[in-house]
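Let's look at how the labels used for a structure follow from their cut-offs. The questions below take them one at a time.

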Amino acid sequence: MTYFDSEQHGKVVAVERLYNSANGNPRYEITLDWGVKCRTAADEGWVYGMNWDNLIGKNVRVLTRRPRKNLMILSIVEEA
């Protein structure tokens with residue numbers, strides 16, 4: 001399987017809580033100001049350490065991977 005890692009930069013305009021994974025762990029999707037949507041993969045532990053609603057309106061750098069059709073978030077960092 002081929003993976004495409006990339007960095008996305010932009011301002012977060014929306015955060016949506018998705019359905020939990022099969023194991024009951026939370027999943028989120030963010031939308032950046034230029035229209036790209038990125039979501040967390042199932043069962044990622046680092047998701048618990050983020051306050052997702054505080055990301056709205058902030059500039060972020062998102063490391064993503066596209067295993068199939070969705071961009072999966074590997075990490076998220078606020079930019080100054």
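Helices (H or I, at least four residues) and strands (E, at least two) are DSSP runs, numbered from the N terminus. This is a predicted model, in which local features need pLDDT of at least 70 and side-chain atom pairs count only at pLDDT 80 or more, while totals for chains, interfaces and linings use all residues. Residues are numbered from 1 along each chain as its sequence is written, and side-chain values use heavy atoms, with hydrogens and water left out.

Q: Why is Asp43 called partly exposed?
A: Buried means under 20% relative accessible area and exposed over 50%, with partly exposed in between (1.4 Å probe, protein chains only). Asp43 has a relative accessible area of 36%, so it is partly exposed.

Q: What does Asp43 touch, leaving aside residues up to four places away in sequence?
A: A contact means heavy atoms within 4.5 Å. Asp43 touches Ser21, Asn23 and Asn25. Asp43 and Arg27 are 16 residues apart in sequence, and their C-alpha atoms are 8.0 Å apart in space.

Q: What makes E4 and E5 a pair?
A: Two strands pair if DSSP finds at least two bridges between them. Strand E4 (residues 59–65) and E5 have six bridges and run in the antiparallel sense. Val62 stands opposite Ile76 in E5, and the two strands form a hairpin with five residues between them.

Q: How do you know that E3 pairs with E5, and in which sense do they run?
A: Three bridges join strand E3 (residues 37–40) to strand E5 (residues 71–78), and the two run parallel. Cys38 has Leu71 in E5 as its bridge partner.

Q: Which pattern does the protein follow along the sequence?
A: The pattern is β-β-β-β-β, with zero helices and five strands in the secondary structure.

Q: Why is the protein called as compact as a globular protein of its length?
A: The radius of gyration is taken over C-alpha atoms, and the globule rule is 2.2 Å times the number of residues to the power 0.38. The rule gives 12 Å for 80 residues and the protein has a radius of gyration of 12 Å, so it is as compact as a globular protein of that length. Its C-alpha trace spans about 35 × 30 × 20 Å along the principal axes.

Q: How much of the protein is buried?
A: Buried residues make up 36% of the 80 residues.
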